[in-house]
Amino acid sequence: MAKFGIVQMTSNADPERNLLHLKKKVKGLQLQGAKVVITPENCLVFGSHADYQRHAEPLGSGPLQAEVAAMARQLGIWILIGSMPILRDNGAITTTALLFDDQGICQADYDKIHMFDVDVADQHRRYRESDTFQAGKAIKVADTPYGKIGLSICYDVRFPQLYAALREQGAEIIVVPAAFTKVTGRAHWEVLLRARAVETQCWVVAAAQWGEHNESRETWGHSMIVDPWGQIVTCQQQGTGVIMANIDLDLCQTIRTNMPLVKHARLGVHHREC
């Protein structure tokens, strides 16, 4: 059993400001015994196409990654950067989650697969992530001392086939760093997270952005940790702040033994009830 912490943020386009806020919150969680800290999507840079271009770093190098690595090493905890812009060899930018271990070494990276190309009834109205980011292709599960962690980002949560694949690859805990809009978050955020937990029989740790980021972007918040039975263990509804919960992997095993969904699955089998 280990304590997982979440930092709920209102990030903006200034990475120095975001990092300063993040360091304070992560230090507080470490003092409370957290072994792993999850941060939201766009936690270091939340801005425009130009902002992501300006601050994108090659994987494994750059000042932002160096700062996070140093923080993880100095505090002796694992830190997941929910996403930041990563510059690829072909010149494209991905929105990428980075998992640093307690020595400051990046143990896993995951490029967001599903791009949020959606029209929403809010002030921003038109969201087109694919105009800025190249979609990822690879599913990632990281082996850590605290369990096998499946990586996903925000809009991914609407695609249960990804989560089924993470479970198939051994995930016990699935992280969902996000920047859900206020409109879509109010309607769908909680039900999606609880459904993914129930379907996969995994813990779901969802770190969210909250509040007004600029004149047209407002996010929902409601960071939460959901157990493998689909129950909300803890939730930060509004405001910036931190939450924490013990992740009990034995609960995963008990639920999977009592209700062996994977063994019962009949994908591709069609039958007619009498």
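Over which residues does pLDDT stay under 50? That stretch is residues 269-274, where the model has one contact (heavy atoms within 4.5 Å) beyond four places in sequence.

**View 1. Confidence across the predicted model.** What you're looking at is a prediction, so local features need pLDDT of at least 70, side-chain atom pairs count only at pLDDT 80 or more, and totals for chains, interfaces and linings use all residues. Residues are numbered from 1 along each chain as its sequence is written, and side-chain values use heavy atoms, with hydrogens and water left out. The mean pLDDT (the predictor's confidence in each residue, from 0 to 100) is 96 for the protein, and 97% of its residues reach 70 or more.

**View 2. Cysteines without a partner.** Searching the whole structure turns up zero disulfides, a disulfide being a pair of cysteine sulfur atoms within 2.5 Å. Cys 106 is partly exposed at 33% relative accessibility, whereas Cys 154 is buried at 7% (buried is under 20% relative accessible area, exposed over 50%, partly exposed in between, with a 1.4 Å probe and protein chains only).

**View 3. Ile 38 and the nonpolar cores.** A nonpolar core here is a set of buried Ala, Val, Leu, Ile, Met, Phe, Trp, Tyr and Cys residues joined through side-chain atoms within 4.5 Å. The largest has 47 residues, and Ile 38 is one of those touching the most other members, along with Phe 4, Val 176, Trp 189, Leu 193 and Val 205. Leaving aside residues up to four places away in sequence, Ile 38 touches Gly 5, Ile 6, Val 7, Leu 80, Val 175, Val 205 and Ala 207. Another core, of 31 residues, lies apart from the largest one and includes Val 26, Val 37, Tyr 52 and Ala 179.

**View 4. Asn 90 in its loop.** Asn 90 sits between β4 (78-87) and β5 (93-100), both strands being DSSP runs (E, at least two residues) numbered from the N terminus. At 56% relative accessibility, Asn 90 is exposed. Its side chain reaches the backbone nitrogen of Ala 92 at 2.9 Å. The side chains of Asn 90 and Gln 134 are joined by a polar contact of 3.1 Å (a pair of N or O atoms within 3.5 Å; within protein, one must be able to donate a hydrogen and the other to accept it, and residues adjacent in sequence count only if both atoms are side-chain atoms).

Methods:
Helices (H or I, at least four residues) and strands (E, at least two) are DSSP runs, numbered from the N terminus.
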